[in-house]
Amino acid sequence: MKHQDGFFKGVRDAGLYHQGWLPDGEVKAALVIVHGLGEHSGRYMNVVNRFVPEGYAVYGIDHLGHGRSDGQRLYVERFTDYTEPLKAFIEMVRNRQPGKPVFMVGHSMGGLIGALYLTAHQAGLAGAVLSGPAIKPSGNIPMAAIVAGRVLSLLMPRTGLVPLQAGEVSRDPAVVEAYLADPLVCKEKITARLGAEMLDAMARIRAEAGRITLPLLIVQGGADKLVDPAGARLLCDAVSSPDKKLVVYDGLYHEVFNEPEHDRVLADVEAWIEGRLPAGR
């Protein structure tokens with residue numbers, strides 16, 4: 001396995017970190033990881049270790065204000081601060097793997113980013129896998145906090161409002177411990193502007209999901225407390241893809257790729273992707 005990394009310029013000339021893991025032999029397809037809120041592309045080693053030995057190149061970008069990238073933590077001016085760099089990054093991957101199928105793998109907020117991206121730019125992808133997509137906010141967020149966030153987004157947009165709940169990412173204590181100890185994971189509160197932009201993005205994807213027509217797999221933890229699991233069903237029902245599938249894993253928490261049952265989940269994802277590769281790959 002070979003590793004490569006670097007930076008490219010994102011919105012407002014921010015330096016955005018990216019990395020990739022390549023197999024030693026021929027590449028049969030590429031996966032582009034779109035990570036979730038507060039985390040970074042390096043937290044997907046279960047995906048990397050599953051797919052790279054099978055001939056896949058796996059690439060990831062750290063969003064603005066995340067991981068090794070520039071920007072205030074958990075803050076954006078607008079949600080396109082995520083989707084516009086993703087477009088440039090996927091083009092970079094396609095140039096590095098010419099002629100190879102490219103699949104998106106988006107998790108949580110990355111699932112929301114990815115879904116919005118697909119409404120306008122799906123032509124360059126062979127398919128997408130969305131894990132615990134943030135389509136509906138968790139019922140654990142008080143309505144008062146949502147209303148206050150809307151107001152503060154206009155008046156004091158950089159104000160921190162809601163903390164991330166680390167203990168709810170996985171049922172595996174080692175995953176939670178590593179999450180808390182990871183210096184690249186942001187433990188700050190979500191800013192008012194980002195919270196408002198996420199809510200607007202959720203409303204937009206619910207209205208525009210019908211534009212999505214490419215092959216789509218959605219995997220969802222049935223005991224997810226960080227996003228409303230009903231959002232996965234809502235998205236699956238709304239897209240126009242003739243080839244779409246929703247798999248709900250009963251009892252699993254938010255990060256299904258990091259749950260004790262992750263081998264089963266990743267085997268399902270791999271089988272789905274393999275079934276959508278051109279013949280002979």
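Close-up 1. Tyrosine 82 is buried at 2% relative accessibility (buried is under 20% relative accessible area, exposed over 50%, partly exposed in between, with a 1.4 Å probe and protein chains only). Phenylalanine 79 is buried too, with a relative accessible area of 6%. The model is predicted: local features need pLDDT of at least 70, side-chain atom pairs count only at pLDDT 80 or more, and totals for chains, interfaces and linings use all residues. Residues are numbered from 1 along each chain as its sequence is written, and side-chain values use heavy atoms, with hydrogens and water left out.

**Close-up 2. Aromatic pairs.** The structure holds four aromatic pairs (rings of Phe, Tyr and Trp, the last by its six-membered ring, pair if their centres lie within 6.5 Å; planes under 30 degrees apart count as stacked, over 60 as edge-to-face and the rest as tilted). One of them joins phenylalanine 8 and phenylalanine 89: centres 6.2 Å apart, planes at 5°, so the pair is stacked. Phenylalanine 8 sits in strand β1 and phenylalanine 89 in helix α2, so the contact ties together parts that are 81 residues apart in sequence (helices, H or I with at least four residues, and strands, E with at least two, are DSSP runs numbered from the N terminus). Phenylalanine 8 is buried, at 12% relative accessible area. Phenylalanine 89 is buried at 0%. The rings of phenylalanine 79 and tyrosine 82 have centres 5.4 Å apart and planes at 85°, so this pair is edge-to-face.

**Close-up 3. Helix α2.** Helix α2 covers residues 80-96, which is 17 residues. At 1.5 Å a residue it should span 24 Å, and its end C-alpha atoms are 24 Å apart, which agrees (the expected span is 1.5 Å times one less than the number of residues). Its buried residues are Asp81, Tyr82, Thr83, Pro85, Leu86, Phe89, Ile90, Met92 and Val93.

**Close-up 4. The open sheet.** Eight strands form an open sheet with mixed pairing, in the order β1-β2-β4-β3-β5-β6-β9-β10 (two strands pair if DSSP finds at least two bridges between them). β1 (2-9) and β10 stand at the edges, each with a single partner strand, so one side of each is left without a neighbour in the sheet. From one strand to the next the twist averages 15° (axes are lines fitted to C-alpha atoms, for helices over the stretch in contact; angles run from 0 to 180 degrees between N-to-C directions). Four bridges join β2 to β4 (residues 56-61), and the two run antiparallel. Histidine 18 has isoleucine 61 of β4 as its bridge partner. Helix α7 (residues 230-238) packs on the sheet, where α7 touches β6 (127-131), β9 (216-221) and β10 (contact means heavy atoms within 4.5 Å). The direction of α7 makes about 170° with that of β10.

**Close-up 5. Lysine 28 and glutamate 274.** These side chains meet in a salt bridge, 2.7 Å from N to O (a side-chain nitrogen of Lys or Arg within 4 Å of a carboxyl oxygen of Asp or Glu). Lysine 28 lies in the loop between β2 (15-22) and β3 (29-34), and glutamate 274 in helix α8 (residues 262-274), so the pair ties together parts that are 246 residues apart in sequence. Lysine 28 is buried, at 16% relative accessible area. Glutamate 274 is partly exposed, at 29%. The count of salt bridges comes to 15.

**Close-up 6. Arginine 43 and glutamate 255.** A salt bridge joins these side chains at 2.8 Å, N to O. Arginine 43 lies in the loop between β3 and α1 (45-51), and glutamate 255 in the loop between β10 (244-249) and α8, so the pair ties together parts that are 212 residues apart in sequence. Arginine 43 is buried at 13% relative accessibility. Glutamate 255 is buried at 5%. Salt bridges that share partners join Glu39, Arg43 and Glu255 into one network. Another salt bridge, between glutamate 208 and arginine 211, has an N to O distance of 3.6 Å.

**Close-up 7. Positive phi in two loops.** Aspartate 13 is found in the loop between β1 and β2. Its phi is near 60°, a positive value in a residue other than glycine. Aspartate 13 is exposed, at 57% relative accessibility. Leucine 74 is found in the loop between β4 and α2. Phi of leucine 74 is near 55°, again positive in a residue other than glycine. Leucine 74 is buried, with a relative accessible area of 0%.
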